[in-house]
Amino acid sequence: MDSNWVYRAVQNGVLPEQHFEADVIVIKVYRLISQFVWPDRPRQRSRKHEIDTWQLSALHAARDAVTDPKTTPETTLWIMQDSVRVAHRRTERAALESVAADGHEPSLLDAQVALRLPIGRWIDELPSLLARIPKREPRRKTAARTSRTQPRSAA
């Protein structure tokens with residue numbers, strides 16, 4: 001994971017200064033939705049944008065899914081302009097996508113743009129992802145730095 005996204009998330013208030021390993025999921029969702037533009041809401045890329053309500057809702061739903069005992073690898077996060085839904089089972093996803101088996105009833109997702117994120121799979125893969133990330137050692141002062149801070153001896 002790119003540390004620039006972590007820095008941006010802390011700077012924009014998405015993550016607190018001290019964050020946890022599970023916040024990797026929040027960063028992954030933030031990375032996607034911070035760049036997403038709804039088709040009917042164009043915006044200038046050159047301007048800094050505040051976090052919208054739909055983005056906050058999606059980030060909170062992702063954070064909650066990490067600790068929710070109902071979360072499985074099948075858990076899916078649906079993000080729409082006016083709501084966020086979490087479906088933990090295939091039957092719940094099917095109910096969102098099609099209310100009636102014959103397709104004659106409109107579903108919640110009909111006639112709108114929706115993002116479908118497989119956060120259950122991401123959460124399931126988190127331990128192996130974290131195991132592959134190399135641990136960083138704290139920075140040590142170099143000899144050149146310490147010699148500059150110490151007073152020079154008079155010769």
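This is a predicted model: local features need pLDDT of at least 70, side-chain atom pairs count only at pLDDT 80 or more; totals for chains, interfaces and linings use all residues.
How many of the 11 residues of α2 are buried? Eight of them are, so α2 is largely enclosed by the rest of the structure.

**Figure 1. Overview of the protein chain, with six helices and three strands.** Here is the whole fold before we zoom in. Along the sequence, the elements of the protein chain come in the order α-α-α-β-β-α-β-α-α. The protein chain has 155 residues, and 28% of these count as buried. Taking the contacts between residues at least 6 apart in sequence, 55% join residues at least 24 apart.

**Figure 2. Close-up of helix α2, residues 23–33.** This view is all about burial. The buried residues in α2 are Asp23, Val24, Ile25, Val26, Ile27, Val29, Tyr30 and Ile33. Because eight of its 11 residues are buried, α2 is largely enclosed by the rest of the structure.

**Figure 3. Packing of helix α2 against α3.** Two packed helices are described by the angle between their axes and the distance between the axes. For α2 and α3, the angle is about 155° and the axes are 9 Å apart. Angles over 145 degrees count as roughly antiparallel, and α2 and α3 are therefore roughly antiparallel to each other. The crossing of α2 past α3 is right-handed. On the α2 side, the contact is made by Asp23, Ile25, Val26, Val29, Tyr30 and Ile33. On the α3 side, Trp54, Gln55, Ala58, Leu59, Ala62, Arg63 and Val66 take part. Sorted by type, the residues of this contact are 10 nonpolar, one polar and two charged.

Figure 4. Leu126 is part of helix α5, which covers residues 119–132. With a relative accessible area of 8%, Leu126 is under the 20% cut-off and so counts as buried. Val24 is itself one of the buried residues of α2.

**Figure 5. The salt bridge between Arg90 and Glu74.** Side chains of opposite charge can pair when their charged atoms come close. In this pair, the closest N and O atoms of Arg90 and Glu74 are 3.3 Å apart. Arg90 counts as exposed because its relative accessibility is 56%. Glu74 has 29% and therefore counts as partly exposed.

**Figure 6. The salt bridge between Glu92 and Arg89.** The count of salt bridges comes to two, and this view shows the pair of Glu92 and Arg89. Their closest N and O atoms are 3.9 Å apart. Glu92 is partly exposed, with a relative accessible area of 30%. Arg89 also counts as partly exposed, at 46% relative accessibility.

**Figure 7. Surroundings of Val113.** Val113 is found in the loop between α4 and β3 (115–117). Its relative accessible area is 39%, so Val113 is partly exposed. Leaving aside residues up to four places away in sequence, Val113 touches Phe36, Trp38, Pro39, Ile79 and Met80. One of these, Trp38, is 75 residues from Val113 in sequence, with a C-alpha to C-alpha distance of 7.8 Å.

Terms used:
Residues are numbered from 1 along each chain as its sequence is written. Side-chain values use heavy atoms; hydrogens and water are left out. A salt bridge is a side-chain nitrogen of Lys or Arg within 4 Å of a carboxyl oxygen of Asp or Glu. Buried means under 20% relative accessible area, exposed over 50%, partly exposed in between (1.4 Å probe, protein chains only). Axes are lines fitted to C-alpha atoms, for helices over the stretch in contact, and angles run from 0 to 180 degrees between N-to-C directions. Helices (H or I, at least four residues) and strands (E, at least two) are DSSP runs, numbered from the N terminus. Angles under 35 degrees count as roughly parallel, over 145 as roughly antiparallel, 65 to 115 as roughly perpendicular and the rest as oblique. A crossing is left-handed if the near helix is turned anticlockwise from the far one by less than a right angle, and right-handed if clockwise. Contact means heavy atoms within 4.5 Å. Ala, Val, Leu, Ile, Met, Phe, Trp, Tyr, Cys and Pro count as nonpolar, Asp, Glu, Lys and Arg as charged, and the others, Gly among them, as polar.
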